[in-house]
Every structure is written in structure tokens, then in C-alpha cells.
Amino acid sequence: MVARVGSVPVYGTEVSDLAAQRRLVSSNPAADRQELEALLDQLIEDRLITLEAQRVGLDDHPDARVHIRQAEIGIAGELYGIEHILPQYKLDSFTIDTFYQAHISRYTAAHAQRRVRHITAFHPERQVSRNATTFVDSLYEGWDPQRKIDTLYQRLAAGEDFAAVVRAHSDDPHTRNTGGDMGWISPQTLADGEFSQHVFSQPLNLISRPFQSRLGWHIVQVTGVRPAGPIPLDREVSTDIASQLAEMQSKQIAQRISDSLMAAGTLSFVSANIARSDDQLRPDMPLAVANGRDTIWACEYLMDRLKWIRENQGRALGPDEKRNVIRSEYYKHLCWYNMLRELGYLDRGQIRGVRANALEAERVNIVRLQLTAAGYDPTETAIQNYYRSHTDEFGRPPAPLDQVRNSIRGRLKAERHEQVRREWIRRASARHGVQRFDERLAAITLPSR
């Protein structure tokens, strides 16, 4: 145990696990100490947030109820879909071929294409500091990507599996888990000309020698070539079509279920609150009651308010428009929630643990919202004062205030957020009590590079 928050311990293994998740590696004793203390601070803050969520009973807060209900619908709805909607899919080769013929333009390549897989070592300047990198690799050897790519090429030449080398050592996070596969590409889809030139001059199936582009050092292998024109209805295209058809059928089936649930249910509006303007609504005001038991709170509408205004061509919603939104969105969700509850999905053993974690996460989210100072907007006076006192930060000669106003606003908001967070942590620490055991933290070490 390296700390205690109230009666809740923080263990050294948690610090080590968090360091591993962030791919932290040892640099020097002073830097390592700072990294470990920052990790412990984060774990202590997480404990304080959980304790505060429990202390103030956030389950009864409308925002919390809404977030928790959304989490329950998401988890239980997925299970319901697997058990009741997926079995209704009817897909066969005739259906897939019909879809392919009807959408042939979607499966026509305008240019010749190549199927490519690659290994990439980024340039050092494209990486964050070694201690904060998201992917630590022992082959960097002095942070030299050229040496790394040469080492990998020698291993491939000796017969090592290309995909396995990619998964262990490529710096491209988008293709690392797919064995480096970039899919079918054409010169028009590649942003880097040097990379494109090497790819489209590389013989089929041969592994290229390492080459450099503005993105880093690369090894590529072309695994397929096809001309411009219709793409064959192969297994990959069939899988893509089946996925699209399944999604379409899923939506259609879910819509039929929703329509029947909404027709069989009831929705009662609280007209006095519906008639209020948006700035008069409080999050805990009820707007409607679904099926006589589930409340639709104003916070649900307020969370999505800007979206509805955009869809309403920038105008605030009137009472009738709010009723339509409530009926088509929030009532629909509550009908699903009611059905899942009555069918026992919210109490199913296989989702109970996942549900408990989701509920705790939603409680924690509500507390974190208190730490963001979201309602703070700097005054023009504050912006001008910051500009005058930090003139050197805006170039020589300094950029005009109008050009940096938004940047200053963001800095002032960040400063206020940090002030709120620190004050909240101070009060929560005093309320619950925090003990740190620094001598035990000193026994933890970061892995070497």
C-alpha cells in the first residue's frame, strides 16, 4: 500500500499497472520519481472522486439517472440484439449478389490499386518524449529509427514473419494490429509522394529495402494488384456487403420493435415546463412521464439542446417542437428501457458486473463535470489584461489581439479549470483524509528501455 484515501487503499501494483498502460520507461532517478508521483496523484484523485460520488448520493441526481440509464440500455440492448435481432437476419449468396449488382458503382475502382502492408519507424521529431510515448520499443537503440528499420529488415530477410514483426515493432498505431495491412490503395489515396512512388514501383510479393519518406522509415510488401474497374465479388467484398445488410436489417427490425412499444405505451407531458424557454429550464425539471413510471428530465433535452437547435435551422425550439423531440427520441429510449427491464435484462447475471462498472463510471463522470469549470467564460477585460501581461508570448512584433483572442480564452479557461480542480481536491482530501507512504513509492521502479 502506497497511499490510503479514507479507508480505501492505493497499492503499488496499481501504480505499476498504470505506468505499463502509459508505456512509461525509466529515464533518470529524478524524472522517474516525478512520473511515479504523478501516477499516484492520479490514483488518489480517482479514489476521491469515487468517495465523493458515494457521499453526495449521485444516483438520485437527474444527470446521473440519465447517464446510468443510457449505460443500462447500451449494455442490455446489445445482449437483446444478439439474442433476438441477430437470429432474424436472412442473408444468402443471392441477396449479397443482388446488393452487389445494385451498388456496382460503390465497388468500382477509378484507378489501379495495390494491396500493401508496411512496417514504419517514425522520425524522432514525430514522437513525444520517450517517457510519454504510447509505444516503447527496445529496438530504438538511441532513438534511431534508421537503425531500427535496418534491424527489422535483416530479421525479415532471415525469414521472420512479416505480420509478427509489425505487431511487435511498427510505430504506426493504425495498422499495427492488422499486421501492417493498409488494404487496397491507389496513388490518389496516399498523401506522401515518396511513399507512393516506392509502393507503386515495388514488384509483387517482394519485401522492399528500407526507404525514407517525410513520415519516417518504411519497409513495404505488395501482396496484390488489380486494375481499375469493377472489384470482384470476393470474400472481402462479400463480408463488407453482409455487414451493411446486417446493419440495415438490424435497424429495420429495431424500428419495428420501437414503433410497437411506443404505440402500446403512454406519454404524459408536463405542459408548464414544456412551455418554458431553454434558459428557464433546470436540469431537475420533469418534462414528461413515459409509461407512468419513467421521468424524462430537462437535463436530457439540455444535453442535446445545441443539436436540436442546429436541426431547427438555428432557432430555439418551441413547445410543439420540444414535444416532437421528446416523443421521437427520449420516449423511444424509455420504451426500450421499460421492455428490457420487464424482460429481466437489467438483472441478467452475465451483465451484472459490466453494469456495475458502468454505473460507477457514470457516477464518476458526474463528479468530473464539477471539476471542469464548464460555465466559466473569461471577460473581455481579463482577456485584455492577459494579452498585456504576456505580450512576449505572441511573437515579435506581437500578433494583434483579435488574432489571439480565442487562444487566450482557452488558456484562461484552462487556468480556471486547474484552480477549480485543485480546490476541489484540497476540500475532498480534508474531508476524507489522505495518507501517502513515500518510502514505499520509492521502492517502485519503471522498466528500462
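Because the model is predicted, local features were required to have pLDDT of at least 70 and side-chain atom pairs pLDDT 80 or more, whereas totals for chains, interfaces and linings use all residues. Residues are numbered from 1 along each chain as its sequence is written, and side-chain values rest on heavy atoms, with hydrogens and water left out.

Helices (H or I, at least four residues) and strands (E, at least two) are DSSP runs numbered from the N terminus, and two strands are taken to pair if DSSP finds at least two bridges between them. Strand 10 (residues 286-290) is joined to the antiparallel strand 11 by 4 bridges, and valine 289 has threonine 295 of strand 11 as its bridge partner.

The structure holds 27 salt bridges, each defined as a side-chain nitrogen of Lys or Arg within 4 Å of a carboxyl oxygen of Asp or Glu. One of them is formed by arginine 341 and aspartate 294, whose closest N and O atoms are 2.9 Å apart; arginine 341 lies in helix 12 and aspartate 294 in strand 11, so the pair ties together parts that are 47 residues apart in sequence. Relative accessible area (1.4 Å probe, protein chains only) was classed as buried under 20%, exposed over 50% and partly exposed in between; aspartate 294 is therefore buried at 6%, and arginine 341 partly exposed at 22%.

A further salt bridge joins the side chains of aspartate 278 and arginine 305 (2.6 Å, N to O), linking the loop between helix 9 (271-274) and strand 10 to helix 11 (residues 305-311). Within helix 15 (residues 401-432), arginine 422 and glutamate 418 lie 4 residues apart, about one turn of the helix, and their side chains meet in a salt bridge (2.9 Å, N to O). Both residues belong to a network of salt bridges that links Glu45, Glu418, Arg421 and Arg422.
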